[in-house]
Amino acid sequence: MSLRCDQTPQWPQLQAAYSTQGRQLDLRRAFADDAQRFGHFSQQAPHVLADLSKNLWSRETEALLLDMAQASGLAKHRDAMFAGQPINSTEGRAVLHTLLRRPAGLALPGDDSSIPGHLSDVHATLDAMLAYADTVRADSTITDIVNIGIGGSDLGPHMAVLALEQFRAQGKRLHFVSNVDGHELHTVLQSLRPQNTLFLIASKTFTTAETMTNARSALAWFAAQGGQDVGRHFAALTTNVDAARALGITTTFGFWDWVGGRYSLWSAIGLPIAIAIGSAGFRDLLAGAHAMDEHFRTAPLAQNLPVRLGLLDVWYRNFHGFSSRCIAPYHAALGRLPAYLQQLEMESNGKRVALDGTALSYATSPVLWGEPGTNGQHAFFQMLHQGTDVIPLEIVAVREPTHPLPGHHDKLLANALAQAQALMVGKAGEDAHRHFPGNRPSTFLLLESLTPASLGALIALQEHRVFVSGSLWGINSFDQWGVELGKVLAKDLEARLASGDVTGLDGSTAGLLGHLRRSA
Ligand code: F6P
């Protein structure tokens with residue numbers, strides 16, 4: 001049985017440490033006093049070099065946080081996840097996205113007896129999906145691939161396809177349609193010809209209203225345009241193969257209920273990525289993630305990057321009281337990374353009750369947001385430097401560019417470095433308006449180059465750091481009940497928009513509905 005962070009003996013010690021020295025820590029002094037600070041707080045993990053030294057913590061604080069992790073049973077909880085125990089307790093499910101990137105036949109200590117069967121299913125499905133992806137890549141008549149999915153069935157594949165643009169097959173255009181807003185699908189359909197298009201209907205449940213509405217409209221458009229052979233032009237990526245068949249889609253790639261939606265890009269949901277970068281590229285993506293899994297599973301806690309990041313997140317949220325984290329990828333191809341991480345963190349850890357249902361007395365998920373640097377510098381970085389709130393910044397940079405344009409990349413990297421430096425060092429101004437207080441925290445994550453393997457490792461790192469903070473907070477990071485109520489109400493209101501019936505509605509909803517009714 002794990003202990004919640006506030007039940008460990010270290011929790012009051014951390015509170016005391018925060019009031020006596022943590023809140024006053026000055027990064028400039030900390031570097032001046034400790035010549036080894038960068039060495040201590042930076043580390044190499046698979047494909048990712050991390051510098052955590054410009055954060056508002058000391059070696060002593062980190063040691064206490066590590067003791068808290070030890071006392072809470074974090075390692076046991078992590079091992080339970082890898083072993084396939086049903087740690088998603090509110091849904092009675094295992095959490096096994098790590099199995100999707102585990103090499104065939106690799107047994108781990110403590111594996112559940114069902115793991116070997118699951119692993120052989122995983123590889124049989126992966127092989128079939130990758131063979132299909134390569135067939136699509138080789139088929140010059142298919143020029144457009146349209147992924148229809150939302151949430152985890154959109155954000156991960158979309159982010160990865162954009163990030164790996166340099167590896168994308170020539171002659172294939174990939175489109176992502178997620179919103180139920182018909183403007184999105186309509187705009188994409190206008191550029192398509194049915195005989196040259198492959199639609200991928202991506203939905204774990206195959207019940208999500210947005211995706212089902214878009215799928216039906218795509219099928220209707222295909223028929224209306226004289227499209228022939230749904231089996232060739234539509235494929236479903238889902239755990240609910242029966243529902244896909246009921247819709248008339250016979251080409252299907254399955255996965256399992258132990259893959260959470262926001263953790264599903266490694267499964268059949270990754271098919272658009274595999275079509276974009278090929279089977280070898282997709283296997284590299286999995287291998288990069290697996291390398292990070294092994295690091296998380298085996299590295300001592302003090303040298304375990306997801307653990308250190310997750311503990312820093314707890315320190316910031318519960319002691320410093322920071323309520324948000326800004327992500328700035330210094331690579332244009334990582335433009336969708338902030339949106340992807342937003343779902344990962346906020347849908348996983350945006351919870352207010354503990355595993356036993358009791359209300360928590362402390363804060364959980366921060367708000368995650370961001371935009372690629374350097375664009376953000378000319379928009380919201382003003383607030384990071386001089387605003388009233390302290391917002392930790394997380395920079396993701398890539399050392400090697402893949403474009404040939406001289407001069408750009410050094411400018412980009414210099415800007416990434418300069419922002420982290422400016423936030424920390426600050427500058428005494430000749431007047432209050434020109435004053436930079438400094439002592440503002442940042443984390444620097446550096447990839448050697450942006451490849452399928454390094455992207456896989458970066459994403460797995462983020463998945464595991466979310467696991468670490470969620471585990472310390474004692475919440476279920478793998479359900480998402482908070483999205484259900486809106487779905488139910490939207491169904492009811494859709495009917496009321498047609499009928500005009502406002503019986504029982506609150507005054508505002510009834511008033512707005514009156515304005516929104518097109519026939520009113
Ligand atoms: O509404 C939330 C959610 O369930 C996400 O967790 C999920 O990623 C998304 O909807 C899409 O679900 P599905 O893949 O079942 O269509």
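## Domains

Domain bounds are those of an automatic or database domain assignment. For this protein chain the assignment gives domain 1 (5-72 + 299-479), domain 2 (97-276) and domain 3 (482-519). The C-alpha centres of domain 2 and domain 3 lie 33 Å apart.

The model is predicted, so local features need pLDDT of at least 70 and side-chain atom pairs count only at pLDDT 80 or more, while totals for chains, interfaces and linings use all residues. Residues are numbered from 1 along each chain as its sequence is written, and side-chain values use heavy atoms, with hydrogens and water left out.

## Helix 18

Helices are DSSP runs (H or I, at least four residues), numbered from the N terminus. Helix 18 (residues 484-499) has 16 residues and reaches 24 Å from its first C-alpha to its last, close to the expected 22 Å, a span defined as 1.5 Å times one less than the number of residues. Glycine 500, with a positive phi near 85 degrees, follows helix 18.

## Histidine 123

Histidine 123 is placed in helix 6 (residues 115-138). Histidine 123 counts as buried because its relative accessibility is 16%, where buried means under 20% relative accessible area (1.4 Å probe, protein chains only).

Leaving aside neighbours within four places in sequence, histidine 123 is in contact with Arg102, Pro103 and Ala104; contact means heavy atoms within 4.5 Å. Proline 103 is 20 residues from histidine 123 along the chain, and their C-alpha atoms are separated by 8.4 Å.

Technical notes. Helix = DSSP H or I, 4+ residues; strand = E, 2+ residues; numbered from the N terminus. Buried < 20%, exposed > 50% of the residue type's maximum accessible area, 1.4 Å probe, protein only.
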